[in-house]
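Subject: Structure handover

Hello,

Here is the structure I promised to pass on. Please open it next to this note; what I found follows below.

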Amino acid sequence: MRNNRKIFTIIIFMNLFVVSRSLSEEIKDNSETKRLKNFPKILGMNIGKKHYDDESYQKDLSRNDIVILGFYREWEKSRNTNIKEVSQRLKRLNPNIMIGQYTILNEFTDNIFDQAKRDIIEKLNKENWWLLDEKKKKLQWTPRYNAWEVNFTEYTQVDSGKMRFPEWLAERNYNVFFKNNPYFDIWYIDNLFYKPRVEKADWKNIHKNESSSSEEIQRAYRKGYMAYLEKAKQLSPQLLYIVNADSELNYEEYRNQFHGAFLEGLMGYSWSLETWAGWARMMERYHSVFENLLPPKIVGFHATGDPKDRKFVRYALTSCLMNNGYFSFTDKWNEYSSVAWLEEFDLDLGSPIEEPKRKPWREHVYRREFEKGVVYVNPGMKPYLLKLEKNMKLACCSEKKIENGKDEKKIILNPKDGLILMKIDE
């Protein structure tokens, strides 16, 4: 019996050693890969479909440098895993990945049968914290999500715990998502607007509508977001706080309060800043938001489109590389429910050796040099004939053709297109 126990113990030890070695090698391999790769940095916004327990999807998610996930309360019901285990698995696949959890403050459905948000809806009903008009009707800024606005300003009454909705929700989200999960790095806050999206409301609960254009109302609105942030930081001071911002965060309440900003839809939508205001205005927001962030100043440059439209992808990616942001691309057919990975994302440009570029290099073309490559973007209306340096070659994913002359090589950089060249080791 003792000999059998000894053999059994040895077998268990050997199995544990094999598993441990396999896991350590997996981590080592991923760690080395990620350590060598610097730019481009990729951010995945994957808050759509919630099949995070799918191992194949986990592998796709782990390719990102940052990934934002959209777990919900009791997500693990009827699943063979939980939020903590999924987060841990992603860290094993890529030890350097930063994982964020989605939260929102300004709007919720009022469907009491929504189990994921039922506790929130019950609290809003109990405390009368919905945003109403003078006729006591709930308000929406958009019907798209079937959600109703919340009055999270200082004009509302406190609950029995002397908290208003921002503090209550921060504590609730902490308990649901962050308290028992050491693998989360980021607390993500959606819809950080600089002013309310509804035109008017009974903000002060005095049976009278007030314009949301009022400076007083707008300040109270921004302070509500900051009350949520302050409580969250008290509970989870070790996390990074990244927001979906519709501004450069240059308002007094927002300046130097967040570690990062996700600039949703900079390119690709009919409402995108680049679409209706132009590339220069879009880039102004992109560059400016860095100035109003806390270190490490994480900025997500988001574009959406067809992954098969390689010209658009290059145009968006090279625009992003004019500063130090994380590129975030979503497949317009799947939006935030898939990982649209392109060859360009696997390039290794190293670190930038030039400052962010806010002015053209030549004519209407912008250029920025990295340790292992050079990036060009042409936001203009005319093509540019680019002379290639001898120690440069086209990146693997470009379909452009080089024109060989006697003593030089040339390439045409078309309007609204980008180009990545890699340095050749000599």
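Helices (H or I, at least four residues) and strands (E, at least two) are DSSP runs, numbered from the N terminus. With that in hand, here is one use of it: Pro 296 sits in the loop between H8 and strand E11 (298-305).

Some ground rules. This is a predicted model, in which local features need pLDDT of at least 70, side-chain atom pairs count only at pLDDT 80 or more, and totals for chains, interfaces and linings use all residues. Residues are numbered from 1 along each chain as its sequence is written, and side-chain values use heavy atoms, with hydrogens and water left out.

Most residues other than glycine have a negative phi, and most peptide bonds are trans. Here are the exceptions I would look at.

- The bond from Pro 295 to Pro 296 is cis, with omega near 15 degrees.
- Lys 297 is not a glycine, yet its phi is positive, about 55 degrees. Lys 297 also belongs to the loop between H8 and E11. Its relative accessibility is 31%, so Lys 297 counts as partly exposed. (Buried means under 20% relative accessible area, exposed over 50%, partly exposed in between, with a 1.4 Å probe and protein chains only.)
- The bond from Phe 39 to Pro 40 is cis too, with omega near 0 degrees. Pro 40 is in the loop between helix H1 (2-36) and strand E1 (41-46).
- Lys 416, again not a glycine, has a positive phi of about 50 degrees. Look for Lys 416 in the loop between strand E18 (409-413) and E19. Lys 416 is partly exposed, at 36% relative accessible area.

Two packed helices are described by the angle between their axes and the distance between the axes. Axes are lines fitted to C-alpha atoms, for helices over the stretch in contact, and angles run from 0 to 180 degrees between N-to-C directions.

Helix H4 (residues 118-127) packs on helix H5 (residues 165-178) at about 160 degrees, and their axes are 12 Å apart. H4 is therefore roughly antiparallel to H5. (Angles under 35 degrees count as roughly parallel, over 145 as roughly antiparallel, 65 to 115 as roughly perpendicular and the rest as oblique.) H4 and H5 cross in a right-handed way. (A crossing is left-handed if the near helix is turned anticlockwise from the far one by less than a right angle, and right-handed if clockwise.)

Which residues make the contact? From H4 come Asp 119, Ile 120, Lys 123 and Leu 124; from H5 come Phe 165, Trp 168, Leu 169 and Arg 172. (Contact means heavy atoms within 4.5 Å.) By class, the contact of H4 with H5 has five nonpolar, no polar and three charged residues. (Ala, Val, Leu, Ile, Met, Phe, Trp, Tyr, Cys and Pro count as nonpolar, Asp, Glu, Lys and Arg as charged, and the others, Gly among them, as polar.)

The buried residues in H4 are Asp 119, Ile 120, Ile 121, Lys 123, Leu 124 and Glu 127. They pack against strand E4 (107-108) and H5. Asn 128 follows H4 and has a positive phi, near 60 degrees.

**H8 and H9**

The axes of helix H8 (residues 279-290) and H9 come within 11 Å, crossing at roughly 40 degrees. H8 and H9 are therefore oblique to each other. This crossing of H8 and H9 is right-handed. Trp 279, Met 283 and Tyr 286 of H8 meet Tyr 315, Ser 319 and Cys 320 of H9. The contact of H8 with H9 has five nonpolar, one polar and no charged residues.

**The sheet**

Four strands make an open sheet, ordered E13-E14-E19-E16, with antiparallel pairing. (Two strands pair if DSSP finds at least two bridges between them.) Strand E13 (366-369) and strand E16 (392-394) are the edges, each pairing on one side only. From one strand to the next, the twist averages 25 degrees.

E13 and strand E14 (residues 373-378) are joined by four bridges. Glu 369 stands opposite Val 374 of E14. Helix H9 (residues 310-320) lies across E14 and strand E19 (417-423), at about 70 degrees to E19.

Finally, Glu 389 is in the loop between strand E15 (384-388) and E16. Glu 389 touches Arg 367 and Tyr 376, not counting residues up to four places away in sequence.

Best wishes
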